[in-house]
Amino acid sequence: FHKNTHSQHAIRYNDKSVLENHHVSAAFALMREDNYNIFKNFTREKFQETRERMISLVLATDMANHFSDVAKMKTTISQGIDMKDKDKSFMMNIVLHSADVGNPFKNWDSCSSWAFRILDEFWA
């Protein structure tokens, strides 16, 4: 929608993961305020590490990357997962993305309830 309509968000985020970039950006903007700053006691290094991880996780929910991420996951698994930083971060992204798109695997009552909530949100 945003890319097709050339919305302000699409322009701001250069048509790349528009909603995901907006959401994580808005969250960090809000957390700069004293009342919402859950990072105020973090060191600069810990904050940067946490921020990078959070951005990566939120961007991993973009369906535009789904098939390339699935292919990369298959390759990673076939070669053996090295749970050092690179594969660990990628696998965390995959787990979150799986949870994000996993609603159809729930029982019908739960799946349909959430699906209709999403439709209500989309058409609000």
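**Reading the pocket and the helices**

Modeller: Start with the lining of the largest pocket. It divides into eleven nonpolar, seven polar and eight charged residues. Keep in mind that this is a predicted model.

Colleague: What volume does the largest pocket have?

Modeller: About 980 Å³. Of the 26 residues lining that pocket, Leu19, Glu20, Thr61, Met63 and Phe122 are the closest to its centre.

Colleague: Which helices each supply at least two residues of the lining?

Modeller: Helix 1 (2-5), helix 3, helix 6 (85-101) and helix 7 (108-122).

Colleague: How should I read confidence?

Modeller: Where pLDDT is low, the predicted coordinates should not be read in detail. Here the protein chain has a mean pLDDT of 88, and 98% of its residues reach 70 or more.

Colleague: Where is confidence lowest, and where is it highest?

Modeller: Helix 1 is lowest, with a mean of 77. Helix 4 (residues 44-59) is highest, at 95.

Colleague: Now the fold. How many helices and strands does the protein chain have?

Modeller: Seven helices and zero strands. Along the sequence, the pattern reads α-α-α-α-α-α-α. The C-alpha trace spans about 45 × 45 × 30 Å along its principal axes.

Colleague: What lies at the start of helix 7?

Modeller: A side-chain oxygen of asparagine 107 comes within 3.2 Å of the backbone nitrogen of aspartate 109.

Colleague: And a single side chain? Which residues does asparagine 21 contact, beyond its neighbours within four places in sequence?

Modeller: Tyr13, Lys16 and Leu59. Asparagine 21 itself sits in helix 3 (residues 18-30). A polar atom of its side chain lies 2.7 Å from the backbone oxygen of lysine 16.

Methods: Residues numbered from 1 in each chain as written. Predicted model: local features only at pLDDT ≥ 70, side-chain atom pairs only at ≥ 80, totals over all residues. Heavy atoms only, no water. Helix = DSSP H or I, 4+ residues; strand = E, 2+ residues; numbered from the N terminus. Polar contact = N/O pair within 3.5 Å; in protein donor to acceptor, adjacent residues only side chain to side chain. Contact = heavy atoms within 4.5 Å. 1 Å grid on protein atoms, 1.4 Å probe; cavity = no way out; pocket = protein on both sides within 12 Å on 5 of 7 lines; lining within 4 Å. Points joined across faces, edges and corners; volume = space filled by probe spheres on them. Nonpolar A, V, L, I, M, F, W, Y, C, P; charged D, E, K, R; others polar. pLDDT = per-residue confidence, 0-100.
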